[in-house]
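My notes start below the model.

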Amino acid sequence: MLMYIEIYGLTQKRIYAFWFMIVLTVVFILISINQFIPKIKTVALSLAVAAALFTVLSVANVDNIIAKVN
């Protein structure tokens, strides 16, 4: 995704796709950790991480970021 953004520029849809890829990566890591430490509440922790990352996405000035990158 980073290479795609580097070549074609940054748009809101690309930021949202990149954000979703980060969320999926974190959830996958949590599921992998759950295989070794089964007492971790994976669903609750995944929802908390997704909510925290959504808050960061909402607070970030996406249009300003796009203007700086492009």
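These are my entries, going from the whole chain down to single residues.

**Ground rules.** I'm working on a predicted model, where local features need pLDDT of at least 70 and side-chain atom pairs count only at pLDDT 80 or more, while totals for chains, interfaces and linings use all residues. Residues are numbered from 1 along each chain as its sequence is written, and side-chain values use heavy atoms, with hydrogens and water left out.

**Fold.** I looked up the secondary structure and got four helices and zero strands. Helices here are DSSP runs of H or I with at least four residues, strands are E runs of at least two, and both are numbered from the N terminus. Along the sequence the pattern reads α-α-α-α.

**Overall shape.** The C-alpha trace spans about 45 × 25 × 15 Å along its principal axes.

**Burial and core.** I find 17% of the 70 residues buried; buried means under 20% relative accessible area, exposed over 50%, partly exposed in between (1.4 Å probe, protein chains only). The largest nonpolar core has six residues: Ile5, Leu10, Ile15, Leu57, Val62 and Ile66. Such a core is a set of buried Ala, Val, Leu, Ile, Met, Phe, Trp, Tyr and Cys residues joined through side-chain atoms within 4.5 Å.

**Leu10.** I checked its contacts (heavy atoms within 4.5 Å). Leaving aside neighbours within four places in sequence, Leu10 touches Ile5, Ile15, Ile65, Ile66, Val69 and Asn70.

**Leu53.** This residue is in helix H3. Is Leu53 buried, exposed or partly exposed? I noted it as partly exposed, because its relative accessibility is 22%. Beyond four places in sequence, Leu53 is in contact with Trp19, Ile22 and Val23. Its C-alpha is 9.3 Å from that of Phe20, 33 residues away in sequence.

**Pocket.** The largest pocket has 13 lining residues, and Ile15, Phe18, Trp19, Ile22 and Leu57 lie nearest its centre. Helices H2 (12-36), H3 (42-59) and H4 (62-69) each give two or more residues to that lining. Which helix gives the most? I found H2, with five residues. For the record, a pocket is an open set of points on a 1 Å grid over the protein atoms alone, where a 1.4 Å probe fits, with protein on both sides within 12 Å along at least five of seven lines; lining residues have an atom within 4 Å of a point.
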